[in-house]
Amino acid sequence: EVEMIDVKNHKTFLKRTLYESVKPDMLYIGSTVTVYNRQLKICNFGDEFTRRQMESGSERTLAMIKPDAYKHVGKIINSIQKAGFQINNMRACQLSKAQAEAFYAVHRGKPFYEKLTTFMSSGRIVA
């Protein structure tokens, strides 16, 4: 079943109705589904109950493409998707030294920490 709600105006513009071409695996934050020839981008869940139900069967992880592999971003993303994983959010950026130090703070004091944070802030990454 599908129900469409105008988030901005908090109004229902399609009451709950059966729509068989939308499958549960298509419903995740960031996906785009087509309902009655209208493309809809899913930006949030309708309520906390729906959030818990939809997220209970899924796992989330952070993947980071490091500076030395940045030139292979396309191949890496294709491999991830071919393996059946869904990418819900992706960002390309360059970490500052302070951001790298904060991210890897759990390793502070270890012999590789300085080299790791310098490397991770040396070029663009995709996360």
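Which residue in β2 is the bridge partner of Ile5? The partner of Ile5 is Thr12.

## About the model

This is a predicted model, in which local features need pLDDT of at least 70, side-chain atom pairs count only at pLDDT 80 or more, and totals for chains, interfaces and linings use all residues. Residues are numbered from 1 along each chain as its sequence is written, and side-chain values use heavy atoms, with hydrogens and water left out.

Start with the strands. A strand here is a DSSP run of E with at least two residues, numbered from the N terminus. Strand β1 covers residues 2-6, and strand β2 covers residues 11-17. The two run antiparallel. Four bridges join them. Two strands pair if DSSP finds at least two bridges between them.

Four residues sit between the strands of this hairpin. His10 lies in that loop, between β1 and β2.

## Two positive phi angles

His10 is not a glycine, yet its phi is positive, at about 55°. Is His10 buried or exposed? His10 counts as exposed because its relative accessibility is 69%. The cut-offs are simple: buried means under 20% relative accessible area, exposed means over 50%, and partly exposed is in between (1.4 Å probe, protein chains only).

Tyr36 also has a positive phi, near 50°, and is a residue other than glycine. Tyr36 lies in the loop between β3 and β4. Strand β4 spans 38-41. Tyr36 has 48% relative accessibility, so it counts as partly exposed.

## Ser31, a buried loop residue

Ser31 lies in the loop between β2 and β3, and β3 spans 32-35. Ser31 is buried because its relative accessible area is 5%.

What does the side chain of Ser31 reach at 2.8 Å? The side chain reaches the backbone oxygen of Met26. Next come the contacts, meaning heavy atoms within 4.5 Å. Leave aside the neighbours within four places in sequence. Ser31 is then in contact with Met26, Leu40, Lys41 and Ile42.

## Leu40 in strand β4

Leu40 is found in strand β4. Which residues does Leu40 contact, leaving aside its neighbours within four places in sequence? They are Met4, Ser31, Thr32, Val33 and Val35.

Take Met4 from that list. Leu40 and Met4 are 36 residues apart along the chain. Their C-alpha atoms are separated by 9.3 Å.

Methods:
A polar contact is a pair of N or O atoms within 3.5 Å; within protein, one must be able to donate a hydrogen and the other to accept it, and residues adjacent in sequence count only if both atoms are side-chain atoms.
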